[in-house]
Amino acid sequence: MSPPPPFGPKPYLGYTASQIERAAEIRPDAAALKTLEHDPTARAYVIAGEMVVLNRGDGVADPLFALADGRTLGTPRETIFIGLQQKAPRFAIALEPASAEALKQREHLVVTDLRSIAVNSLVHKDHLPPLAEGKALLNWHMRHRFCPSCGAATEVVSAGWRRDCPSCKTEHFPRTDPVVIMLPVAGSSCVLGRSYRFARGMWSCLAGFMEPGETIEEAVRRETREEAGIVCGRVNYFASQPWPFPSSLMIGCHAEALTREIVIDRSELDNARWFDREEVATMLLRNHPETFTTPPEVAIAYHIIRAWVEGEVALP
């Protein structure tokens, strides 16, 4: 195998390496939370539906607001406690989604989606994990205002980390949906696919939600077989990434491809094909002759693909 191209330092994997101490022991203590809200170092991230509100800055924006200021930006809904960052309290405030359009007219603010913030490095990367935490949790609140057991309106408790039903007394907790994302490999070749929603020319790993009763390895094999018709053997875990769209955990793997024939599930994929290592390297470097590319560097798919190109994968 020829040496890999000089890709440079490994880039940041988006929404990971959080510096937040979640301080779960504080959540049930209403008095302690009230004290934290009045702490002069307390700040909040402000989210309106799918949009994040930022203070416009030179180069990078500031996503933190004093709690009183954040609550005056629109019609507030939930305020949740994210945790402590170097002992400074951090919260997330949900505004009514309709607030986003009016806020876009304010020159000192930037209102955009979290994916664009990560891809375009609009804030310092240390803000991405708490933004992901806050957006995912607030999205859960937006979609779980009523008890699925009896239909009654639920109440926010435990600093936003639980909703209780006053009627049937059921306790409801935030959920995270596990997703396997994998690169099937065989020798110096790998399988990449294209979703219908991808930007033109972009190819990525295969992916799919885990089903009840599955191990990670079983989900990787099933999804690869269903989407591309490839039978896989060994599965190696690579890394994971919180993916707050709306609330998933991407579980990255490399899989040993035992068959070569591709049979595409057109309801899932626009296309899938084998690529050799040298061609994928040009895609990572953004100099492919047909302008094919891989996902952006903040996405786990980029890191899964690059690790294989650089020879870090212990599969044949």
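How do the residues of the lining of the second largest pocket divide into nonpolar, polar and charged? I opened my notebook with that one, and the count came out as 12 nonpolar, four polar and three charged. A reminder to myself: this is a predicted model.

**Entry 1: the second largest pocket**

I looked up its volume, which is about 370 Å³. I found 19 residues in its lining, and Arg 22, Ala 132, Glu 133, Ala 136 and Thr 176 are the ones nearest the centre. Then I checked which elements give two or more residues to this lining, and they are α5, β13 and β14. Helix α5 has the largest share, with six residues.

**Entry 2: the largest pocket**

Next I turned to the largest pocket, which holds about 870 Å³ of space. I noted 33 lining residues here, with Arg 197, Phe 198, Ala 207, Trp 243 and Met 250 nearest the centre. By class, I have 20 nonpolar, six polar and seven charged residues in this lining. Several elements supply at least two residues each, including α4 (114–119), β11 (189–194) and α6 (216–228). Which element gives the largest share of this lining? I found that it is β12, with four residues.

**Entry 3: a look at β12**

That made me curious about β12, which covers residues 206–209. I saw that Leu 206 and Gly 208 make up its covered face, while Ala 207 and Phe 209 are on the uncovered one. In one of the pairings I looked up, Val 179 has Phe 209 as its bridge partner.

How many cavities of 30 Å³ or more does a search of the whole structure find? I got one, and the volume of the largest cavity is about 100 Å³. Among the residues lining it I wrote down Ile 47, Arg 77, Glu 78, Lys 135 and Met 142. Here α5 turns up again, giving the largest share of the lining with four residues. I sorted the lining into six nonpolar, two polar and four charged residues.

**Entry 4: the nonpolar cores**

Last, I looked up the largest nonpolar core, which has 76 residues. Phe 81, Leu 183, Leu 192 and Val 280 touch the most other members. Helix α8 (residues 300–309) gives the most to this core, with seven residues. Apart from it I found another core of 20 residues, including Ala 186 and Ile 230. I then followed Leu 192 beyond its sequence neighbours within four places, and its contacts include Leu 183, Trp 203, Phe 275, Val 280 and Ile 305.

Definitions and conventions: Residues numbered from 1 in each chain as written. Predicted model: local features only at pLDDT ≥ 70, side-chain atom pairs only at ≥ 80, totals over all residues. Heavy atoms only, no water. Buried < 20%, exposed > 50% of the residue type's maximum accessible area, 1.4 Å probe, protein only. Pairing = 2+ DSSP bridges. Core = buried A, V, L, I, M, F, W, Y, C linked by side-chain atoms within 4.5 Å. Contact = heavy atoms within 4.5 Å. 1 Å grid on protein atoms, 1.4 Å probe; cavity = no way out; pocket = protein on both sides within 12 Å on 5 of 7 lines; lining within 4 Å. Points joined across faces, edges and corners; volume = space filled by probe spheres on them. Nonpolar A, V, L, I, M, F, W, Y, C, P; charged D, E, K, R; others polar.
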